[in-house]
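Colleague: Could you take me through some side-chain contacts, one careful step at a time?

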Amino acid sequence: MNYLSVENLTKSFGDRIIFEDLTFGIDQGQKVAIVAKNGNGKTTLLRSLMGKEQIDGGRIVFRNDIRVAFMEQSENLNPNNSIMAEVFSHDLPELQAVKAYNIAMSSGDEKLIEDSFGAMTELNAWDIEVKVAQILSVLKLDDTSKLIDTLSGGQKKRVALAKTLISEPDFLILDEPTNHLDLDMIEWLEEYLSKSKSTLLMVTHDRYFLEVVCDTILELEDQTIYKYKGNFSYYLEKKAERQEQLESTIGKAQNHFKKELEWMRRQPKARGTKQKARIESFHDVKKVASQRIDKDEIDIPVLMERLGTKILEMHSVVKSFGDLKILNKMSYSFQRKERLGIVGNNGTGKSTFLNMLMGLEPVDAGKIVTGETVVFGYYNQELLECSEDQKVIDVIRDIAEYIPLEKGRQMTAAHFLEKFLFPRSMHYNFVHKLSGGEKRRLKLMTVLMKNPNFLILDEPTNDLDIFVMSVLEDYLRNFQGCLIVVSHDRYFMDKMVDHLFVFEGEGKVNDILGNYTVYRKNLKEQQQDIRDGKEVEKPIQENIINEEKIEKSTPTEKKKLSYKEQAEFDGLEKEMEQLEEEKERLTAILSNGETSNEELMEAGTKIAEVVAELEAKTDRWLELSEFA
């Protein structure tokens, strides 16, 4: 059954065509995602479908008897409402019955309670009440008496999401539903939408979300739309095939174009029917041969200062805000090519931790020592600091006209912009004309072009499209310095890091070996074991703030190694070398952009085991080396 039919939809802003002659349909039960580069019109398309954006031409038809709900990127909430009042501001009879019942219960009027109880039963609205409580609880909107006007941007986003989900629509349209959600909320929403009977159309940049929830991908590209009947992996596979076919077509057209160009240059005087047909064919071939395929990948051999032996050291660092403990005597020494991910619930101190490393936030006790060779690059969640009337290329040129590369080479500011998917046609656009994602991308470039050797990225993937994230991942795979990432993008974290700092609150931080998916898998298994009453096995981890750590004692009376210990010592170096090679192999798999989800999980599990074994053998080698 068709729920939405779109025919020849066209939209432009001034002389800029956003999309032209789009035709597609969505059937009952389909779960569809729209993907496109920032600025290509994803949000504009959704707003056009809902009649919130005037279209230039075409036809949009929703089935008459269905209920449609739309959650926009920008919240459209009544600032004077409480959370509960805003969530219930629907004309859905069941919700109105629940609202009336809650009012009756708070009034104490027995007649009102009896009437509202009957209305609830008649409409079978008791399940709705349970659902409302569950959704508000998961989205951490516990104090429902708070006014909308007093909430943070992230809380308002969650209220808008709760309001949309609670309305129980037949057709659900979501624009970036995972923004401002923590990892637990994202995983819950993923499961909720997978099981939902609602037809779904959404824009999201969460690639695991696209993989698990969606069964159809619509790609907006070159002002038109391409449909892929499958999840995200299927889309990537078929898109690659389409590009290969297009490259082949363009190659053949270019060869044919050269021959026809010679004929055209001879300027045949005869203009018979045959010649005119050939001239028209020439122009068609020229159009195909002139196409360009942009590869969403980069290889920038940046010139960065080599890190010294001392990089960044934390010595018994203590930090708190009143009764809220952030760190409690935390000690840690960062190593070369460190690739660290940071996760934890909101309010546990992740951003504070980063600010302390950067010297932007003082420590309460202990000290943080930064090596002389360290050049920080810090991307935070603040907006780009520049004039809105500045041109895109001038933002980059204000930092440097040329970017130094290896072997004495240079890259111009314009070329660097192109590498990060800003085509020449956008270089002289004003900043205020950029979309939110494009502004984020420009800010990220201002950080990267300074050639840091210690990169700290706080939510770098917010508002970036999947194509830009692919470019960023490609850049970071070749990055030879230290990397710290805070992100709610599970796919990005799995690709970029090999261990995690998990901020658990109350000053407790655990160092978990392996990627995020492995960590979450182990955590869920532990939680299930607790529910089943089984003994819980801890994942491979090290508590990095244990000030009462007991040092291994070595017998002082021992003078030399036994024959067996000497043989063990001789073999340890070879074993450690093999483990290092295995670690590098697994790291390469994790960093490979073509690695499947199954391979990611397997490599993440193995690397944790390899690192643990390597540490154990290193400790044993150090112990034996004192007597060798």
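Colleague: At what distance from the ring centre does Lys443 lie over the face of Tyr379?

Modeller: This is a predicted model, in which local features need pLDDT of at least 70 and side-chain atom pairs count only at pLDDT 80 or more, while totals for chains, interfaces and linings use all residues. Residues are numbered from 1 along each chain as its sequence is written, and side-chain values use heavy atoms, leaving out hydrogens and water. A charge sits over a ring if NZ of Lys or CZ of Arg is within 6 Å of the ring centre and within 35 degrees of the ring normal. Lys443 lies over the face of Tyr379, and its distance from the ring centre is 5.4 Å.

Colleague: Over the ring of which residue does the charged end of Arg441 sit?

Modeller: Here too a charged end sits over a ring, this time that of Arg441. The distance to the ring centre is 4.4 Å, and the ring belongs to Phe422.

Colleague: Which residue meets Arg520 in a salt bridge?

Modeller: The whole structure holds 27 salt bridges (a side-chain nitrogen of Lys or Arg within 4 Å of a carboxyl oxygen of Asp or Glu). In one of them, at 2.6 Å from N to O, the side chain of Arg520 meets that of Asp184.

Colleague: How many residues apart are Arg520 and Asp184?

Modeller: Arg520 belongs to helix H17 (residues 516-531) and Asp184 to helix H7 (residues 183-195), helices being DSSP runs (H or I) of at least four residues, numbered from the N terminus. The pair therefore links distant parts of the chain, and the separation is 336 residues.

Conventions
Helices (H or I, at least four residues) and strands (E, at least two) are DSSP runs, numbered from the N terminus.
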